[in-house]
Amino acid sequence: MLLLRRTVTLIFSNPLSVQPLRRHHISPVNADHLLRVCTILYQQQNSPESRLNSKLASSEFQLTHEFFIQVCNKFPYSWRPVYRFYLYTQANPRFNHTPVSLNKMLDVIGKSRNIDLFWELLHDMARRRFANDKTFVIALRTLGSARELKKCVEFFHLMNSNGYEYNLGTLNKVVEAMCGCKLVEEAKFVVFKLKECVRPDGVTYKHLIRGYCDKGDLVEASNVWNLMVDEGFKPEVDAVEKMMETLFKVNQYGEALNLFQTMRFKRMDDLGLSTYRMVIKWMCKKGLMSQAQEVFEEMRKRGIQIDNLTLGSVVYGLLTRRRVREAYQIAEGIEVPDLSVYHGLIKGLLRLRRASEATQVFREMIRRGCEPTMHTYVMLLQGHLGRRGRKGSDPLVNFDTIFVGGMVKAGKSKEATKYVERVMNRGMEVPRFDYNKFLHYFSNEEGVCMFEEVGKKLREVGLVDLADILERYGQKMATRDRRRNRSPIIEDNNDL
């Protein structure tokens, strides 16, 4: 069991350094000239320097910063054409590079994993004083992903020796970028190796905690948390929320709620809508409605404005406990319900195996101008047809036939063959039906006609709800003109 030490009341804040942005006039790039230059660079990338330079010199084009950046964009993972063009521009006395253009080239070379050249260019940029925070991010992200950990630390020393002093704000930006790229171990190595030069603060530790939580390493996240508390830093609220959310995801509800209780007793004023929303959401998922209601009432007493996301979670939680009347009362009391509320109703009703009632909610949300998403259609199809798809006795509604025909029509004959082989042998477990792929294959104009035909056939056998869902999805995939003239779904009252 993970144990997090109590937070302390000391606050350590250090404003991040922000460099002013320089505005450059962006001149339009001639597409024909760009294509001609890129063709030369590609065809002559291994040619001698004199031959390449003569070819480029004979090609008429206006060398600007925007032109250089567009050339880099044409070769996002190929360092040689970009670097050779850079060498050509160096010989032009009327053209001077900026940190923007050099960072762009540096990013291309880093993505191509030419670490030797990358390291050489970093030295050159440091010497020429062309580096900025973006350079630090590109450098550490590239060196970290290549596991060049010594170079990661050495880069900070290199920049310090060239006039870029050790800066906590820059370090935090680098750590945030590395953790966002799943390089949290490398980021931690850099932080602790530079500890004597740049003392980390609460923001640094927050990024590390979030990085370990995204990675799913709760043990290491807890170690960083405890180290942060030992050094006298107060955990920021978003770090607390990330830790709680990760604990909820791995079903450690007790630990997550203990952390929430600590926040309530020690730092009640720091708790806002986002924290309450997350706790209520996971309580409702778990079916802890009495605790969720207690937290909900606490929000109201503190005057925190309750949003539709929170109300949608409450509606779903009530439905999972079969408190249908209360769920509808809350939903009907919302002045402007959005997708989160309707999804809470639909998901809860489908869990109670009330697919027809969920479809009525689907019709109501369309009537009130709330457009369904792909997730709405997938939920409804799963509710009507099951997670593994429908094997109907009537050939008109044989869902396997619809799906296989759709895959063949979309050119996915290999996938269709595999699916048929599994379905034919019913002694074998039928694979879970992928409704996302099914809808994706027909997300075009052909799908409009297909869903219209399928809808007619489904109505013939009395499956009106399923017909409405598929027809509406087909209408969504139509062109703008066809969507503008579509007819509204007629509410079916046969089941009332």
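This report describes the helices, helix packing and selected residues of a predicted model.

Residues are numbered from 1 along each chain as its sequence is written, and side-chain values use heavy atoms, with hydrogens and water left out. Because the model is predicted, local features need pLDDT of at least 70 and side-chain atom pairs count only at pLDDT 80 or more, while totals for chains, interfaces and linings use all residues.

## Overall content

The protein chain has 27 helices and zero strands. Both kinds of element are DSSP runs numbered from the N terminus (helices are H or I with at least four residues, strands E with at least two). Of the 496 residues in the protein chain, 49% are buried. Buried stands for under 20% relative accessible area, exposed for over 50%, and partly exposed for values in between, with a 1.4 Å probe and protein chains only. Among contacts in the protein chain with a separation of 6 or more, 68% join residues 24 or more positions apart; a contact requires heavy atoms within 4.5 Å.

Helix H12 covers residues 218-230, and its 13 residues should span 18 Å at 1.5 Å a residue, which agrees with the 18 Å between its end C-alpha atoms. The expected span is 1.5 Å times one less than the number of residues. Leu218, Glu220, Ala221, Ser222, Val224, Trp225, Asn226, Met228 and Val229 are the buried residues of H12. These buried residues pack against H10, H11, helix H13 (237-249) and helix H14 (253-266).

Glycine 369 follows H20 and has a positive phi, near 85 degrees.

## Two helix pairs

Two packed helices are described by the angle between their axes and the distance between the axes. Axes here are lines fitted to C-alpha atoms, for helices over the stretch in contact, and angles run from 0 to 180 degrees between N-to-C directions.

The axes of H4 (residues 79-90) and H5 (residues 99-111) come within 9 Å and cross at roughly 150 degrees. H4 is therefore roughly antiparallel to H5. Angles over 145 degrees count as roughly antiparallel, those under 35 as roughly parallel, 65 to 115 as roughly perpendicular and the rest as oblique. H4 passes H5 in a left-handed crossing. A crossing is left-handed if the near helix is turned anticlockwise from the far one by less than a right angle, and right-handed if clockwise. On the H4 side, Trp79, Val82, Tyr83 and Tyr86 meet Leu102, Met105, Val108 and Ile109 of H5.

H20 and H21 pack with their axes 9 Å apart, at an angle of about 155 degrees. That angle makes H20 roughly antiparallel to H21, and the crossing of the two is left-handed. In this pair, Ala355, Ser356, Ala358, Thr359, Phe362 and Met365 of H20 meet Thr376, Tyr377, Leu380, Gly383 and His384 of H21.

## Selected residues

| Residue | Class | Relative accessible area |
|---|---|---|
| Glycine 110 | buried | 1% |
| Arginine 113 | partly exposed | 43% |
| Aspartate 201 | buried | 1% |
| Arginine 322 | exposed | 63% |

Glycine 110 lies in helix H5. Leaving out residues up to four places away in sequence, glycine 110 touches Phe118 and Thr142. Its C-alpha is separated by 9.4 Å from that of alanine 146, 36 residues apart along the chain.

Aspartate 201 is in the loop between helix H10 (184-193) and helix H11 (202-215). The side chain of aspartate 201 makes a polar contact with the side chain of asparagine 172 (3.4 Å). A polar contact is a pair of N or O atoms within 3.5 Å; within protein, one must be able to donate a hydrogen and the other to accept it, and residues adjacent in sequence count only if both atoms are side-chain atoms. Aspartate 201 and glycine 169 are 32 residues apart in sequence and 9.8 Å apart in space, C-alpha to C-alpha.

Most residues other than glycine have a negative phi. Arginine 113, in the loop between H5 and helix H6 (115-128), has a positive phi near 65 degrees. Arginine 322, in the loop between helix H17 (308-320) and H18, has a positive phi near 60 degrees.
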